[in-house]
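This briefing is meant to be read beside the sequence and the coordinates.

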Amino acid sequence: MDNPSIITQVTNPKEEEILSCSQDKASQCNLSLKKQRSRSIFSTLFCCFRDYNVEPPSPNSTNVLPPLVEENGGLQKPISNADFIVPVEIDGTIHQVYVLKRPHVDEFLQRMGELFECVLFTASLAKYADPVADLLDRWGVFRARLFRESCVFHRGNYVKDLSRLGRELSKVIIVDNSPASYIFHPENAVPVQSWFDDMTDTELLDLIPFFEGLSTEEEVYTMLHKLCNR
């Protein structure tokens with residue numbers, strides 16, 4: 001895990017420890033997770049920047065704002081109680097991106113930074129994902145930030161190729177809400193549920209004990225395999 005060759009598109013090399021953000025093992029694992037929700041095992045991560053809305057251009061503007069979508073498809077719905085408002089320039093016009101944080105993301109991010117080398121890996125564009133990460137990661141947890149240009153465009157989806165991280169794959173986990181994002185390495189994925197605006201959600205908080213246990217293992221596959229086959 002100390003291999004210095006970490007990825008190619010790095011914007012913020014300031015910190016320490018790995019949670020390769022992405023997503024996992026489609027139907028079988030997702031079914032397993034749903035069954036175990038009451039036992040507080042899993043959660044969804046924020047790294048996909050799913051929860052934002054862009055203020056439309058003024059009537060005087062001749063620019064048409066392309067609709068922002070989730071990493072691998074799906075339009076966003078408006079957010080009225082945003083935690084952050086980030087100005088983003090699109091085609092010469094400044095638009096406001098409204099971001100809503102998932103409950104318990106602060107505790108989750110801080111704890112993951114203590115346990116792992118954390119890497120933000122998103123299929124979103126750097127022009128809005130990077131400033132959102134600046135606001136979200138107040139503790140400097142992300143050692144590296146990878147955006148759309150670091151993904152592989154495969155069969156209509158942006159795939160996060162973990163083999164490009166410069167890390168031993170048996171020690172890498174990707175947490176994501178889109179199975180298409182980790183289609184190359186489903187055995188490394190922690191399947192999670194999407195989140196939009198349920199402020200009573202506790203998935204990030206519930207996920208912490210699982211990662212605390214995983215951080216003491218020599219490799220990730222055994223524990224992930226057991227999880228998906230429960």
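Leu120 has Arg145 in strand 6 as its bridge partner, and this pair belongs to a parallel pairing in which strand 5 (residues 118-121) and strand 6 are joined over four bridges. Strand 6 covers residues 142-146, and because four of its five residues are buried, the strand is largely enclosed by the rest of the structure. The model is a predicted one, so every value below is computed from predicted coordinates.

**The chain as a whole**

- The chain contains five helices and ten strands, and buried residues make up 53% of its 230 residues.
- Among the contacts in the chain with a separation of 6 or more, 76% are accounted for by residues 24 or more positions apart.

- Two residues lie between strand 3 and strand 4, which together form a hairpin, and Asp91 is in its turn.

**Residues with a positive phi**

- Most residues other than glycine have a negative phi.
- Asp91, although it is not a glycine, has a positive phi of about 55°; its place is in the loop between strand 3 and strand 4.
- With a relative accessibility of 56%, Asp91 counts as exposed, because the cut-off for that class is over 50%.
- His104 is likewise not a glycine and has a positive phi, here of about 70°, and it is located in the loop between strand 4 and helix 2.
- The relative accessibility of His104 is 24%, so this residue counts as partly exposed.

**Helix 2 against helix 4**

- Helix 2 (residues 105-115) and helix 4 have axes that come within 9 Å and cross at roughly 15°, which means that helix 2 is roughly parallel to helix 4.
- The crossing in which helix 2 passes helix 4 is left-handed.
- On the side of helix 2, the contact with helix 4 is made by Val105, Glu107, Phe108, Arg111, Met112 and Leu115, and on the side of helix 4 by Leu204, Leu205, Leu207, Ile208, Phe211 and Glu212.
- Sorted by class, this contact of helix 2 with helix 4 comprises nine nonpolar and three charged residues, with no polar ones.

**Helix 4 against helix 5**

- Helix 4 (residues 203-214) packs with helix 5 (residues 221-228) at an angle of about 140°, and the axes of the two helices are 10 Å apart.
- The crossing of helix 4 and helix 5 is right-handed.
- Phe210, Gly213 and Leu214 of helix 4 meet Met223, Leu224 and Leu227 of helix 5, and by class the contact has five nonpolar residues, one polar residue and no charged residues.

**Buried residues in loops**

- Lys160 is placed in the loop between strand 8 (157-159) and strand 9 (174-176), and because its relative accessibility is 0%, it counts as buried.
- Computed along the sequence by position, Lys160 and Thr122 are 38 residues apart, while their C-alpha atoms are 7.8 Å apart in space.
- Ser178 is found in the loop between strand 9 and strand 10 (189-191); with 14% relative accessibility, Ser178 also counts as buried, because the cut-off is under 20%.
- Ser178 and Gln193 are separated by 15 residues in sequence and by 8.7 Å in space, C-alpha to C-alpha.

Terms used:
Residues are numbered from 1 along each chain as its sequence is written. This is a predicted model: local features need pLDDT of at least 70, side-chain atom pairs count only at pLDDT 80 or more; totals for chains, interfaces and linings use all residues. Side-chain values use heavy atoms; hydrogens and water are left out. Two strands pair if DSSP finds at least two bridges between them. Axes are lines fitted to C-alpha atoms, for helices over the stretch in contact, and angles run from 0 to 180 degrees between N-to-C directions. A crossing is left-handed if the near helix is turned anticlockwise from the far one by less than a right angle, and right-handed if clockwise. Contact means heavy atoms within 4.5 Å. Ala, Val, Leu, Ile, Met, Phe, Trp, Tyr, Cys and Pro count as nonpolar, Asp, Glu, Lys and Arg as charged, and the others, Gly among them, as polar. Buried means under 20% relative accessible area, exposed over 50%, partly exposed in between (1.4 Å probe, protein chains only). Angles under 35 degrees count as roughly parallel, over 145 as roughly antiparallel, 65 to 115 as roughly perpendicular and the rest as oblique.
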